[in-house]
Every structure is written in C-alpha cells, then in structure tokens.
Amino acid sequence: MSFQAETPGKLGYAHYVCFPDDGRRHEIIDGDHYVNPAPSTYHQTVSKRLQHQLYTQFELAGKGLVFDAPADVQLTAHDIVQPDLVVILSAKTQMITPTKIKGVPDLIVEIISPSTSDNDRKLKKDLYQRVGVTEYWIADPFEHAIEQWVLQSGGYQLLPAADPLCPTIAPEVRVPMNEIW
C-alpha cells in the first residue's frame, strides 16, 4: 500500500511516535490526534477472550496472525490507530514491520467503552471502510453483542447477529458467544 506525502497541518507517523507513553491510547485519524483513557478491566477481559478464540483458530491453525492493543496500525500517512484486536491473513504478513503494522488488516475488532463508543461506531467505522478493511467487529460488552460489518461493493454491510460468529475472511472459524461473555 502506498502512503500519501506529508500534508501541512496534518499529523503523521513522525508526530505519532513522539506522543508520551502515558498509559492512554493515542491515535491519529485523518491527521487529527485522539486520546482515550486505558480500558476497563471488563473491556480487557472481553478482549482477552476474543483474542484467545482468534489466536487459537487463526494463528495456531496457520491462517494468519493476531495482534492485541497496543499495536500501532498505520493505515495511511495520516491514519494511525491502535485497535483492540487485529487479524492479518498469512498472505498479507509482509505488512508487519518490527515497529508497526503498515497497511490494511483483514479484520479489526474494537471493543466499545463509554469513552470510545462514538468514535468506534462512527469515526473509526468510516475510516476502516474508507481504507478497505474487509471486516470490522464492534464488540459491546454491556449488551453482550458483536456487530459484524463486512465490506461489500465499497461499503460496510451489517450481517445478522450470529452464534457462533463466523468471520467472512475465514468462514471455518467459529467464535462461540458463550466463550466471550
């Protein structure tokens, strides 16, 4: 994937690496800086359970790699995020560098919390759609639900709720909801 040249007034990766390591989540979306507090313990529990399911069924099965936050994902020159979970299929692992993921992952999972819900449901969803993330899951630990958004004809389509949840990027993978909540 090619990245745009630096645009005056917009932040990029050179700015991003200068942000403090202060326990908060720093991200750049369309050149603007966003900061959120560290996630709650329940958020982290849900993340760990989802990661276990994805790690077991993707990584251990040789289908791809799974990363959890904090992992820098540089989608474009002015879009650097730290999703809760990222899946990169084996055919695309060349985008993984020693310091970051540089390119568009196959699956991104965001687990909402009160401080991130609006950004995850609108700002990041629009970003992931714009850059071409094939599949985007929004996990709601309060409602015990996962929205599965799939890129079709250039836009995200919401799939009906399912249990087990099966990613379209690997339909043989099964994520049983009773293992998450």
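Two strands count as paired if DSSP finds at least two bridges between them. This is a predicted model. In it, W149 has L158 in β11 as its bridge partner.

- Strand β9 covers residues 135-140, and strand β10 covers residues 145-152.
- The two strands pair in the antiparallel sense, over 6 bridges.
- A139 stands opposite I146 in β10.
- The hairpin has 4 residues between its strands.
- H144 in this hairpin takes a positive phi near 55°.

**Hairpin of β10 and β11**
- Strand β11 covers residues 155-158.
- β10 and β11 run antiparallel, joined by 4 bridges.
- Between these strands lie 2 residues.
- S153, in the turn, has a positive phi of about 55°.

**Largest nonpolar core**
- This core has 20 residues.
- L50, L54, F58, V109, W137 and V175 have the most contacts inside it.
- At least two core residues come from each of α2 (41-59), β6 (85-89), β8 (107-111) and β9.
- α2 gives the largest share, with 4 residues.
- Which residues does V109 touch, leaving aside neighbours within four places in sequence? V109 is in contact with L50, L54, P83, D84, L85 and W137.

**Second core**
- A second core is separate and has 19 residues.
- Among them are V81, V104, V131 and I138.

Key. Residues are numbered from 1 along each chain as its sequence is written. This is a predicted model: local features need pLDDT of at least 70, side-chain atom pairs count only at pLDDT 80 or more; totals for chains, interfaces and linings use all residues. Side-chain values use heavy atoms; hydrogens and water are left out. A nonpolar core is a set of buried Ala, Val, Leu, Ile, Met, Phe, Trp, Tyr and Cys residues joined through side-chain atoms within 4.5 Å. Buried means under 20% relative accessible area, exposed over 50%, partly exposed in between (1.4 Å probe, protein chains only). Contact means heavy atoms within 4.5 Å.
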